[in-house]
Amino acid sequence: MGIFSRRQTALGEPTAAADTGASVAEATPRAAALDPALRALTGRWTIDRPHSRIGFSVRHAMVTTVRGAFTEYDSTLYFDGARPSESRAELVIRVASVDTGVEQRDAHIVGPDFFDARRHPEMVFRSTSTLHEGGETFRMTGDLTIRDVTRPVDLQLDYLGSVLDPFGYERAGFDGTTTIDRTEWGLVYNQRLKTGGAMVSEKVRLQFDISAIRSTS
């Protein structure tokens, strides 16, 4: 997904980029030299769904946390190891695929009170820029669209490494997290508790556990 290619983008351009008008995200501060191993990852990638998770967690009734995930989505990833600014990524999630482990709750989430999946079947993330924050940690900015509302979000990303698996697939791993206020995307439904507070928190933590494999086509 967007997490994958932008994660690598965060490593920045070659040294000469600072003298040729490279973006602030890549040239300020000066990023570490691009690892040759990451340069070798240049190409197209897709998320391996059986080994990945696009999930979320939200406080319920002020005292517990509900966790869920989306099981159906498409990813378009491209990483350019020589010029990371050319990297791009997109994740299109079908919101009706939400799974929290409770059928009645899932039906409520995809209904008009929340995602309204009949009118707005997809949630979309498109990466826009990435900043190397040091070590294996990066910040990726992208546009998140929910219910036809598009707003920028920042993801903290951790690169987990790459490997050739026993089946011959080249695989790379990333973890990404961000917290959003769902009301900014029009998901405003709630119930107030008699003791104070809300039944469902407005803050939602998004989690991206990504295993990406190199495309052969």
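I count a polar contact as a pair of N or O atoms within 3.5 Å; within protein, one must be able to donate a hydrogen and the other to accept it, and residues adjacent in sequence count only if both atoms are side-chain atoms. With that rule I looked up Thr-145, whose side chain makes a polar contact with the side chain of Thr-150 at 2.6 Å.

The model is predicted: local features need pLDDT of at least 70, side-chain atom pairs count only at pLDDT 80 or more, and totals for chains, interfaces and linings use all residues. Numbering runs from 1 along each chain as its sequence is written, and side-chain values use heavy atoms, with hydrogens and water left out.

**Entry 1: Thr-145**

I placed Thr-145 in strand E8, residues 137-146. Helices (H or I, at least four residues) and strands (E, at least two) are DSSP runs, numbered from the N terminus. Is Thr-145 buried or exposed? Thr-145 is buried, because its relative accessible area is 16%. The cut-offs are under 20% relative accessible area for buried, over 50% for exposed, and partly exposed in between (1.4 Å probe, protein chains only). I then listed contacts, meaning heavy atoms within 4.5 Å. Leaving aside neighbours within four places in sequence, Thr-145 is in contact with Glu-122, Met-123, Val-124 and Thr-150.

**Entry 2: Positive phi**

Most residues other than glycine have a negative phi. I noted Asp-116, which is not a glycine and has a positive phi of about 50°. Asp-116 lies in the loop between helix H4 (103-110) and strand E7 (122-134). Asp-116 is buried, with a relative accessible area of 7%.

I also noted Asp-148, where phi is near 65°, again positive in a residue other than glycine. Asp-148 is in the loop between E8 and strand E9 (149-164). At 63% relative accessibility, Asp-148 counts as exposed.

**Entry 3: Thr-76**

I found Thr-76 in strand E4, residues 73-79. Thr-76 is partly exposed at 47% relative accessible area. Which residues does Thr-76 touch, not counting residues up to four places away in sequence? They are Arg-88, Ala-89 and Glu-90. I also checked Val-92: Thr-76 and Val-92 are 16 residues apart in sequence and 8.8 Å apart in space, C-alpha to C-alpha.

**Entry 4: Rings**

How many aromatic pairs does the structure hold? I found three. Rings of Phe, Tyr and Trp (its six-membered ring) pair if their centres lie within 6.5 Å; planes under 30 degrees apart count as stacked, over 60 as edge-to-face and the rest as tilted. The rings of Phe-56 and Phe-70 have centres 5.6 Å apart and planes at 45°, so this pair is tilted. The pair links distant parts of the chain, with Phe-56 in strand E2 (residues 53-60) and Phe-70 in strand E3 (residues 64-70), 14 residues apart. Both Phe-56 and Phe-70 are buried.

Next I took Phe-114 and Tyr-189: ring centres 5.4 Å apart and planes at 70° make the pair edge-to-face. Phe-114 lies in the loop between H4 and E7, and Tyr-189 in the loop between strand E10 (170-181) and strand E11 (200-214), so the pair ties together parts that are 75 residues apart in sequence. Phe-114 counts as buried at 9% relative accessibility. Tyr-189 is partly exposed at 23% relative accessible area. I also noted a cluster in which ring pairs link Phe-56, Phe-70 and Phe-115.

A charge sits over a ring if NZ of Lys or CZ of Arg is within 6 Å of the ring centre and within 35 degrees of the ring normal. The charged end of Arg-49 sits over the ring of Tyr-73, 5.5 Å from its centre. The charged end of Arg-151 sits over the ring of Trp-185, 6.0 Å from its centre.

**Entry 5: Salt bridges**

I counted as a salt bridge a side-chain nitrogen of Lys or Arg within 4 Å of a carboxyl oxygen of Asp or Glu. The structure holds nine salt bridges. In one of them, Arg-49 pairs with Asp-74, the closest N and O atoms being 3.9 Å apart. Arg-49 lies in the loop between strand E1 (43-47) and E2 and Asp-74 in strand E4, so the pair ties together parts that are 25 residues apart in sequence.

Asp-74 also meets Arg-94 in a salt bridge, 3.0 Å from N to O. Glu-72 forms a salt bridge with Arg-94, at 3.6 Å between the closest N and O atoms. A network of salt bridges links Arg-49, Glu-72, Asp-74 and Arg-94.
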